[in-house]
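Here are my notes on the two-chain model. Please read them with the structure open.

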Protein chains: 2
Amino acid sequence: MLVGSNFIGAERRTSEQKFRATDAATGKPLEPDFSEATADDVAAACLAARDAQKVFGSLALAARAAFLRLAADKIDALGDTLTMRAMQESGLPEARLKGERGRTVGQLRLFADEIEQGEWQQLRIDHAQTGTTPPKPDLRLRMIPLGPVAVFGASNFPLAFSVAGGDTASAFAAGCCVVVKGHPAHPGTSELVAGAIAEAVAECGLPAGVFSLVNGTSNALGEMLVKDPRIAAVGFTGSRAGGLALMKHAAGRPVPIPVYAEMSSINPVVLMPGRLEEAAEQLGQAYVGSLSLGAGQFCTNPGIVLAVAGDALDRFIQAAGETLKDVAAQTMLTAGIRRAFEEHTAALGKLPGAKLIGMGAEGSSACGRARVYTVGGNEFLAEPGFAAEVFGPSSIVIRCADLEQMTGILEGLEGQLTATLHMNEADHAEAEKFISILEQLAGRILANGWPTGVDVTHAMVHGGPFPATSDGRSTSVGTMAIGRFLRPVSYQDMPEALLPIALREGSCGVPRRVDGKLAI
Amino acid sequence: MLVGSNFIGAERRTSEQKFRATDAATGKPLEPDFSEATADDVAAACLAARDAQKVFGSLALAARAAFLRLAADKIDALGDTLTMRAMQESGLPEARLKGERGRTVGQLRLFADEIEQGEWQQLRIDHAQTGTTPPKPDLRLRMIPLGPVAVFGASNFPLAFSVAGGDTASAFAAGCCVVVKGHPAHPGTSELVAGAIAEAVAECGLPAGVFSLVNGTSNALGEMLVKDPRIAAVGFTGSRAGGLALMKHAAGRPVPIPVYAEMSSINPVVLMPGRLEEAAEQLGQAYVGSLSLGAGQFCTNPGIVLAVAGDALDRFIQAAGETLKDVAAQTMLTAGIRRAFEEHTAALGKLPGAKLIGMGAEGSSACGRARVYTVGGNEFLAEPGFAAEVFGPSSIVIRCADLEQMTGILEGLEGQLTATLHMNEADHAEAEKFISILEQLAGRILANGWPTGVDVTHAMVHGGPFPATSDGRSTSVGTMAIGRFLRPVSYQDMPEALLPIALREGSCGVPRRVDGKLAI
């Protein structure tokens with residue numbers, strides 16, 4: 001069923017150099033061979049995207065939405081075939097991958113609705129004013145697609161942040177053609193999803209260059225893609241090193257382009273004294289549930305917890321330690337990620353002041369064993385290594401001397417995707433100060449929850465200041481993501497017949513700002 | 001009256017190293033000495049901005065708007081003192097500078113209105129859904145300021161793109177403190193305007209760090225400012241070399257930051273055959289008016305005109321040549337700009353195929369003499385030097401073989417601020433194709449006008465693909481510019497009492513997207 005080729009528009013290309021996926025649980029190679037994309041393949045994919053861009057970018061919105069819906073239907077129809085392959089390649093459990101498929105197709109359908117809702121076009125009309133000196137021209141503004149987008153699939157969400165993930169969905173929604181660099185850990189999953197998208201492209205009568213997929217195991221492949229002159233923007237979810245490399249390639253191009261890289265975050269969780277006092281045990285249990293979810297392989301994993309040292313925090317730590325014992329070992333995504341997890345946690349355990357307070361059950365050599373450390377506030381501040389992201393089910397509880405020290409620690413952190421406050425009403429006065437600190441720190445602030453779990457809605461921000469992302473001005477989850485792949489164009493004194501339809505006189509069914517005032 | 005100091009928040013600092021402004025018309029140095037800002041001054045200004053940011057960024061919108069209005073009033077009240085100093089320093093005529101003052105204060109007032117209108121906050125509310133699996137949390141989104149912004153004053157608009165220009169106005173409107181690097185060609189003008197802003201800061205009871213001005217003649221000063229860790233974004237209008245240098249500094253920081261640099265553009269003007277045939281002479285006259293306006297020292301100067309060779313184009317060229325003779329020489333902004341203009345036009349005249357068709361009147365050694373060249377389409381395509389920006393009153397008419405060659409030339413151009421089509425109804429069918437090319441090329445498309453003149457309105461885009469700007473996703477003129485200095489934050493399950501007021505239940509007087517639907 002799988003053929004292992006690259007999708008270069010309508011062409012299915014193979015090459016001499018091959019690689020295979022690995023069964024995450026057993027470490028054994030999986031059939032079939034996949035072709036490493038060549039430099040020619042990358043260039044051909046980008047050229048096809050450029051050639052398709054004019055047609056796709058100016059498609060009627062209903063047609064663009066229909067394409068996304070058809071792609072969603074076709075991905076959904078892959079059913080168990082997709083789930084089974086993704087399970088083998090990622091080691092993630094069946095229920096999670098079924099849920100992730102639902103999230104992926106739901107996301108495509110949400111963006112289809114968003115396309116038609118039309119507000120993303122930011123339509124503005126300023127009518128001419130002949131009475132002023134000098135007279136003012138007629139000006140009309142809309143957003144147009146940036147051009148072909150390179151999307152890098154992530155290993156930890158083989159569906160929702162991969163070939164048809166959030167970046168692809170939002171780029172398509174914006175009217176941009178997409179060239180995906182598939183993640184080499186799940187090429188079979190990528191091929192299945194790419195096949196569904198390519199079918200949707202063909203059935204909608206779109207130019208084949210609207211979508212391509214290039215596979216490979218080398219960093220050079222990604223570099224070629226980012227440096228291709230036809231690529232206008234980049235979406236990436238992955239490691240900090242990977243994201244920084246892409247940023248460098250993009251900034252060094254003759255024509256620099258935007259990079260939206262979601263890179264690294266330790267997602268601080270603050271336990272305010274009132275809430276901690278009343279619910280220490282319950283919070284300790286929930287904490288372990290969040291940090292071990294999906295073997296801790298989430299960008300929003302709660303990597304550090306901050307609270308004032310004392311009896312209540314001791315009870316929290318005690319409860320976390322007890323709960324940890326019952327956490328089953330889970331297969332990690334790749335042997336490389338598992339090895340890095342072991343190395344990073346071993347190094348963490350040796351940092352001055354680090355104390356291991358508990359571990360989850362031991363599993364196979366493919367598994368990550370959950371663990372929690374504690375450290376004093378002074379020790380945390382003295383050793384930058386404590387604030388480095390450990391990808392996997394590991395977290396640190398910081399015993400702060402007082403709220404002032406906690407404030408200092410938070411103010412010294414790098415940019416984050418999320419920051420969380422646990423509090424009760426007695427904590428509100430203090431919490432208000434913390435919120436203004438957390439706003440500077442993160443893209444999403446949670447009250448009394450846990451950061452794992454990123455809903456795909458209108459008001460979601462999955463983003464944040466560097467290095468959480470390369471560009472904190474946007475989000476990679478939720479409908480606001482469409483704005484990342486757009487730019488404004490203004491039409492001055494353009495005859496009505498030559499204006500884009502949405503900018504002509506009379507209602508277009510989409511809210512517009514007309515002479516500064518919202519008109520519906 | 002002028003003291004020549006730097007504005008470091010509330011402090012007026014002098015240094016040992018001095019420089020002077022030059023009278024643009026006479027080349028003579030002007031009183032008084034101005035102090036070159038030191039590394040300490042830059043650091044102190046950025047620190048003051050950082051310390052003021054929390055208060056300024058969370059100010060009630062009415063208070064922020066009041067500050068902009070007061071600054072506008074105070075700049076307006078500078079009256080002739082400001083105009084006279086700006087005339088000396090820039091060589092620009094009185095009427096132009098009075099108009100520019102009006103534009104500058106009008107811009108501040110427009111942004112004050114925009115702040116209160118509130119749509120820029122992009123408020124979104126998604127209510128919790130308990131019936132879904134998993135249940136959906138309550139999510140609420142708003143835009144917050146990025147942090148302190150470094151603004152680089154431009155030489156060609158000593159008021160409207162300088163200390164209190166568009167970048168400063170939009171950064172203030174977004175709630176960002178501003179550190180201006182004043183342009184060394186007009187330090188006196190800068191000091192007068194800075195004094196007005198500083199007074200407004202003080203009278204509004206704002207922390208003094210909301211605004212600073214550092215002066216100097218070295219590139220190192222700008223580099224220090226862009227590299228300061230407290231600076232969160234950069235606004236720049238100037239040369240391509242200058243903008244590229246700032247982009248490099250910003251990308252190389254430990255924490256990279258966005259740079260909005262408006263750099264270089266030759267603003268192609270297309271004369272469609274029908275319109276050219278009926279109005280060749282009139283167009284030729286208007287062309288010369290546009291290219292010589294303000295001694296051609298506009299980012300939107302029409303640098304190239306494209307038309308199909310033939311009798312009508314000959315009439316256009318003839319009319320342009322005749323009109324040129326009556327163009328008075330005008331003082332250029334600086335001796336350096338004048339020298340570069342002479343060098344670039346001399347080089348242009350020697351390019352293979354270039355033919356000078358006319359010049360304006362000769363003036364003093366401080367003046368730029370308007371000139372127009374022609375070149376054949378093939379020669380233009382063969383020599384990249386024809387497409388380089390010449391800053392000043394110079395332009396090239398390209399005699400294209402046919403519309404196909406014209407299309408090829410347009411598709412090969414770099415990104416532009418503007419692109420213009422002159423057409424009549426007979427041209428509409430062909431024009432439609434050109435518009436879709438011009439959309440890819442530029443941020444603003446004009447019909448039957450001239451690109452000089454950039455209205456400050458809601459639907460204006462003064463931006464465009466690289467290298468017109470460093471970042472085509474925004475505009476530096478018009479109310480949409482406020483979005484450049486914002487980033488989204490989402491609040492999840494936040495108790496009502498701790499939510500920003502605009503995100504609480506019940507109307508806040510600003511349109512919001514509630515559960516995906518626009519609510520007013």
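1. Terms first. Two strands pair if DSSP finds at least two bridges between them. Helices (H or I, at least four residues) and strands (E, at least two) are DSSP runs, numbered from the N terminus. With that, β20(A) and strand β21 (residues 486-492) of chain B pair in the parallel sense, over three bridges. A:I445 sits opposite B:Y491 of β21(B).

2. Ground rules. The model is predicted: local features need pLDDT of at least 70, side-chain atom pairs count only at pLDDT 80 or more, and totals for chains, interfaces and linings use all residues. Residues are numbered from 1 along each chain as its sequence is written, chains are lettered from A and ligands numbered from 1 in the order in which they are written, and side-chain values use heavy atoms, with hydrogens and water left out.

3. The interface. The size of an interface is often given as the accessible area lost when the parts come together. Here, about 6,100 Å² is buried between chain A and chain B, and carbon and sulfur atoms give 58% of that. Buried area is the accessible area (1.4 Å probe) that two parts lose on being put together, summed over both. In contact are 74 residues of chain A and 74 residues of chain B; contact means heavy atoms within 4.5 Å.

4. The rule finds 10 salt bridges across the interface of chain A and chain B. A salt bridge is a side-chain nitrogen of Lys or Arg within 4 Å of a carboxyl oxygen of Asp or Glu. One to inspect joins B:E439 and A:R142, with the closest N and O atoms 2.7 Å apart.

5. Who supplies the chain A side? Elements giving at least two residues each to the side that touches chain B include α4 (94-117), β6 (139-145) and α14 (428-441) of chain A. α14(A) gives the most, with nine residues.

6. First sheet. Which strands make it up? It is an open sheet of 12 strands, ordered β23(A)-β22(A)-β5(A)-β6(A)-β21(A)-β20(B)-β19(B)-β12(B)-β13(B)-β18(B)-β17(B)-β15(B), with mixed pairing. β23 (517-519) of chain A and β15 (355-359) of chain B stand at the edges; each has a single partner strand, so one side of each is left without a neighbour in the sheet. From one strand to the next, the twist averages 25 degrees. Angles run from 0 to 180 degrees between N-to-C directions, and axes are lines fitted to C-alpha atoms, for helices over the stretch in contact.

7. Strands β17 (residues 371-376) and β18 (residues 394-400) of chain B pair in the parallel sense over six bridges. B:V375 has B:I398 as its bridge partner in β18(B). Helix α11 (residues 335-349) of chain B packs on the sheet and touches β17 and β18 of chain B, its direction making about 30 degrees with that of β17(B). Helix α13 (residues 403-412) of chain B lies across β12 (269-271), β13 (304-308) and β18 of chain B, at about 155 degrees to β13(B).

8. Backbone checks. Most residues other than glycine have a negative phi, and most peptide bonds are trans. The bond from A:T133 to A:P134 is cis, with omega near -10 degrees; A:P134 lies in the loop between β5 and β6 of chain A. The bond from B:F466 to B:P467 is also cis, with omega near 0 degrees. A:N448 has phi near 55 degrees, a positive value in a residue other than glycine. A:N448 is in the loop between β20 and β21 of chain A.
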